[in-house]
Amino acid sequence: MKNFYYLFCLIGALSMHAQSKCDNANAYLVSAYSHVKSSYDANNISHLKYSAHRSLESINLAKKTLEDCNCSKALEQANKALEVLAKVDDQPTYEDGRYFVKRAKEFCKQSVIEMDKCATSSYSMQNIEEEYVADATDTNDLASLKNEQAVLLAQQEALKRKEAEIKRQLAEQKEKKLLLEKQQLVLSYEKMIDLNIKTYNETLKSCNCGYQTIVKSSNSVNTSDMSTEALKTHYTNQLKSLASKYLAELDSCNL
């Protein structure tokens, strides 16, 4: 019995060493699945490619220890996911990229399932004697907690990225809305100025006297950098200047 105990301890130590590597590989695979799922749920090609690349990185990290886990099926699925994910970055459209992401998501999911199967079978040897069942259960619980922790961390990271993406999109929408409002304001003022110039010149022409044609100011101003209030002030001054020129020409006309 004493020799058996030493043998069991040796096997247990080797198993724990291998299992530690498998836990790391499993955590990376779970993270890879979370990233590829986030990529599949993305609503634009930039987010899709970014998350796909993160998934590819996690799988590469998993492969460093996955080969020592004696879980060939998980490694096989991981390699298939890598092969598909490597094609995502070259896709020109969102739909094309999402096609490969969908395939990668299935391979990642299957890889995690195969890892769970290997993890379960690796602990069966610890049931040789009844007195070691509790230790095996504790180890399984610890591995499960680690996996859950890895999933939660990955989900939190995905949520942070999604929150940042939403904030960026809202900022872009606000900027586009402001730009459109400014463009409409500029167009409105320009039309008003053109109409006033036309009216002023027609009125002066009807007076049958010499007058200087009223034209729009040739001073070019970059209105794109102006605020809404600055635009209103700028065009109001232009309207005032045109009105002053018109009145001056009208006063000089001998009716």
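**Aromatic rings and helices in a predicted model**

Q: Which lysine lies over the face of Tyr 40, and at what distance from the ring centre?
A: In this predicted model, a charge counts as sitting over a ring if NZ of Lys is within 6 Å of the ring centre and within 35 degrees of the ring normal. Arg 98 lies over the face of Tyr 40, at 3.8 Å from the ring centre. The lysine over the face of Tyr 40 is Lys 105, at 5.0 Å from the ring centre.

Q: How are the rings of Tyr 99 and Phe 100 arranged?
A: The structure holds 3 aromatic pairs. In one of them, the ring centres of Tyr 99 and Phe 100 are 5.1 Å apart and the planes meet at 75°. Planes over 60 degrees apart count as edge-to-face, so the pair of Tyr 99 and Phe 100 is edge-to-face.

Q: Is Phe 100 buried or exposed?
A: The relative accessible area of Phe 100 is 15%. Buried means under 20%, so Phe 100 is buried.

Q: How many residues apart are Tyr 200 and Tyr 246?
A: Tyr 200 and Tyr 246 form a stacked aromatic pair, with 4.3 Å centre to centre and 10° between the planes. This pair links distant parts of the chain, with Tyr 200 in helix H5 (residues 133-206) and Tyr 246 in helix H6 (residues 228-252). Both Tyr 200 and Tyr 246 are buried. Tyr 200 and Tyr 246 are 46 residues apart.

Q: What pattern does the protein follow along the sequence?
A: The protein has 6 helices and 0 strands. Read along the sequence, its pattern is α-α-α-α-α-α.

Terms used: Residues numbered from 1 in each chain as written. Predicted model: local features only at pLDDT ≥ 70, side-chain atom pairs only at ≥ 80, totals over all residues. Heavy atoms only, no water. Phe/Tyr/Trp six-rings, centres within 6.5 Å; stacked < 30°, edge-to-face > 60°. Buried < 20%, exposed > 50% of the residue type's maximum accessible area, 1.4 Å probe, protein only. Helix = DSSP H or I, 4+ residues; strand = E, 2+ residues; numbered from the N terminus.
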